[in-house]
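Welcome, and thanks for taking a look at this one with me. Below you will find the sequence and the model, followed by my notes.

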Amino acid sequence: MIADDAPYRGALRLRRRALLVAAGGAALFAISLFRDPGRALAGYLGGFAWSLSIVLGALAFLMIVHTMAATWPVAIRRPLEAIVGTLPLFALLIIPLLIGMKALYPWMRPEAADEHLRHLLAHKRPYLNGGFFVARAIVYLLVWNALGLLLRRWSLADDESPSPGWKLRSRLLSAGGLPPLGLTLTFAAFDWLMSLQPSWYSTMYGFYYFAGGALGGLALLVLAIVGVQREGHLVAVGSSHYYALGRLLLTFVIFWGYIAFFQFFLIWIADKPAETSYYLVRLRTSWRPETIALAIGQFAIPFLLLLPYEPKRNPRFLWRLSIFLLVMHYLDVHWLVAPSVHPSGFSFSTADLGGLALCGGLTAALFAHLLHGRPLLPRNDPQLARALAYESR
Amino acid sequence: MNLEPAIAAPVLIGRPSDEALTTQLLEPMWRGYTRRFVLALLVTAVGTLWLLFAAGYTVVRGIGVWGNNIPVAWAFGITNFVWWIGIGHAGTFISAILLLLEQRWRTSINRFAEAMTLFAVMQAGLFPLLHLGRPWFAYWLIPYPATMRVWPQWKSALPWDAAAVSTYFTVSLLFWYLGLIPDLASLRDRAPDRARRILYGIFALGWRGSARHYRHYRLAYGLLAGLCTPLVVSVHSIVSSDFAIAQLPGWHSTIFPPYFVAGAIFSGFAMVVTLLIPIRRFFHLENVLTKRHLENCAKLLLVTGWIVFYAYILEFFLAWYSGDTYEQYTHWHALLGGPNAWVFWLTLVCNCVVPQVLWSQTARTSEAILLVVAILINVGMWGERFSIIVLSLQRDFLTSSWRIYGPTWVDWSILFGTISFFSFLFLLFLRFVPFIPLSEVKELKSELVHEETGHHP
């Protein structure tokens, strides 16, 4: 057993490997930029939106946990805070998208649109224009970084100078920060993803992006916990904690399925041309298999696997399932991005792989870096003893 | 900013013995009728009779006695239906979801919240029946093997509603009754006379409180909680589909299912608070229904209120963003400035502005403030459904078919009649059934004692 109130010395191998992956991704991205900048940026956007959604999902979970003053998550809060701590990276990662937005977003090129779309774009111009787009991106990133960094800093400050004030401060910030988080997340999803198909809109879109991201955030958290446990850390985190995480995974699998189904169903049954265009591309072209794979892989399979009692308490099982869920969530984000820029049929290119490896690799490297050198348990948290002793049957 | 650590109020004040708890919580069942109680019962009974009269008048004379017109073919009837069914959701949320989330504070309030669900769903069920015009054909909604080969139209939301609501009622009733069994046995054992001993004895199904009984009971309770959980979400998602599957601007919006579910829980908790505060006062239950219960309900009001607020923001933004003339007209003109638009403004104030006082802990723990907020939210949530239904229909696609809606005395009679009927049923419930779950409060108490002292009492 290793004392978890001492600084953690692991995760160096992860950091090294993740940086290698990111370097490979950067090379692929650079190559694909020369071949087709629009497609390359779409691939990059997929990797960016995937990594970001996971981090934002983790941020939302952390804030909810603080707001509720929940007990058991105190035991697993440090890995969660390390995920959230990667947010400043996204202020850098967004730069290629802002530089290349003309190649990526059709509303930046109204002259290339047909007459109907040109009319619509003229109407949407007060919102969909380059300057405002950049300004909004800055606001979103400022809000997220403020929330994430303060929560992490206050938690670490409690290690050095213990005081109940840190935790109360985190609680107040989290409660007050949830409405701004919800709105910025939604509008970021509108801006960066939904506007790829500027004639299409869905009020459910923010929920959809959040649902997948929250699932991804929880899956990454499970991977982090099982990972450090394999090195002999966090031994007090037991099957009840996994059970709680497993239940949350199940909840968000169902939540994602619910949101995805109703968005599809309401658009399908009302059959309005402006709305169905989105699903026509995804169901009537060679994108169809990916759509079906999502329904099965992001909902049916994990739902059935997580339903029984025993698997939710089993770290090995949750580890495998979490990897699967992160892969499915990438497929989900890819499904949001790629069919909009490549409506003629299925496409998975080196650009997608490059964007995924670059953004995902850098996020993972920073995550490992942040986990390293800090204690794995918030040692002075007044709820810690009860959090470690948490039992649930 | 106050940075003193906020200490949450306890879920149970004092550690009374099991004996004392039984005596305290069963006392309302044995006490004589007070004058105030009889008066309340009488007033609500008269209101219920008035409901019967108005419903009978509707059936005899036809739907024409309501204010409905074309294009406003759905008005008070569906507004009231959605309002009542939404109120029911908090009960199921408390009993099922909070149980699965291991939230202990649900213990004292789950019983009467479930009763509220049942009575609210009963009111809700009346409206689609009456709106059929010929309620004696209501059974056509059930897909029975009819020799006339009349089959429900599966693409209509009406059979979905029938299925969702009747499932909801059945499961809620079973859940409520199952939870009651140990308490009915306590009533049987404590009943002062033979008649009540026999009556409660029949309903207690031979409960002896043995370990084996409890084992089966726990299993069944957990399973029913699991079954109820999807119902909290599915019922109101289906109800929202009544609107969202149409093409009418103001109705067709993909966010409707989660938005309606949040709204339902929002209105339901408002009703829970509206009932909780007077009960707490009249029956002197401050030790069992503590400030913690008030505060937690208030927090849930704030959370669900924000989800509703979020949905309003998105609907208005995307109505503009869509570029669709009709979407823009309905949201930015009909809702904000058309006929009856004051209802929507009232909704905005009640649902979006008023709940913000709940950011303050003082407001969350003050009975008076909380009661006012809860009643205003009840009004706001009724107004929301009225706005969605009537304000959108009044101004549909063709200007030539536009018509303004105004309710008649029959509409008002049925609305207030259902409120009376609901209150009447609730008063009877307070009289005849333990409305604080005895066995669960005792169990909570022993858990608390166990945690404090480290050994079982």
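The points below go through salt bridges and one surface patch.

1. A word before we start: this is a predicted model. Across all chains, the structure holds 22 salt bridges, and a few of them are picked out here.

2. Let's begin with a pair between chains. K272(A) and E327(B) meet through their side chains in a salt bridge, at 3.6 Å from N to O. K272(A) sits in the loop between α11 (239-270) and α12 (273-284) of chain A, while E327(B) belongs to helix α10 (residues 325-337) of chain B, so the pair joins two chains. Both K272(A) and E327(B) are buried.

3. Next, a pair within chain B. The closest N and O atoms of K445(B) and D18(B) are 2.8 Å apart, in a salt bridge. Because K445(B) lies in helix α15 (residues 438-453) and D18(B) in helix α1 (residues 18-30) of chain B, the pair ties together parts that are 427 residues apart in sequence. K445(B) counts as buried, at 9% relative accessibility, whereas D18(B) is partly exposed at 38%.

4. R31(B) and E27(B) also form a salt bridge, with 3.0 Å between the closest N and O atoms. R31(B) is partly exposed at 26% relative accessibility, and E27(B) is partly exposed at 33%.

5. In chain A, have a look at a network of salt bridges that links R77(A), R78(A), E81(A), D159(A), K167(A) and D381(A).

6. Finally, which residues make the nonpolar surface patch of about 680 Å²? They are W136(B), F137(B), Y139(B), W140(B), I142(B), M148(B) and V150(B). V150(B) is found in the loop between α4 (110-131) and α5 (157-190) of chain B, and V150(B) is partly exposed, with 32% relative accessible area.

Notes: Residues are numbered from 1 along each chain as its sequence is written. Chains are lettered from A and ligands numbered from 1 in the order in which they are written. This is a predicted model: local features need pLDDT of at least 70, side-chain atom pairs count only at pLDDT 80 or more; totals for chains, interfaces and linings use all residues. Side-chain values use heavy atoms; hydrogens and water are left out. Patches are made of residues with over 30% relative accessible area and no salt bridge: like charges are joined within 9 Å, nonpolar side chains (Val, Leu, Ile, Met, Phe, Trp, Tyr) within 5 Å. Accessible areas come from the Shrake-Rupley method with a 1.4 Å probe; for residues, only the protein chains shown count as cover. A salt bridge is a side-chain nitrogen of Lys or Arg within 4 Å of a carboxyl oxygen of Asp or Glu. Helices (H or I, at least four residues) and strands (E, at least two) are DSSP runs, numbered from the N terminus. Buried means under 20% relative accessible area, exposed over 50%, partly exposed in between (1.4 Å probe, protein chains only).
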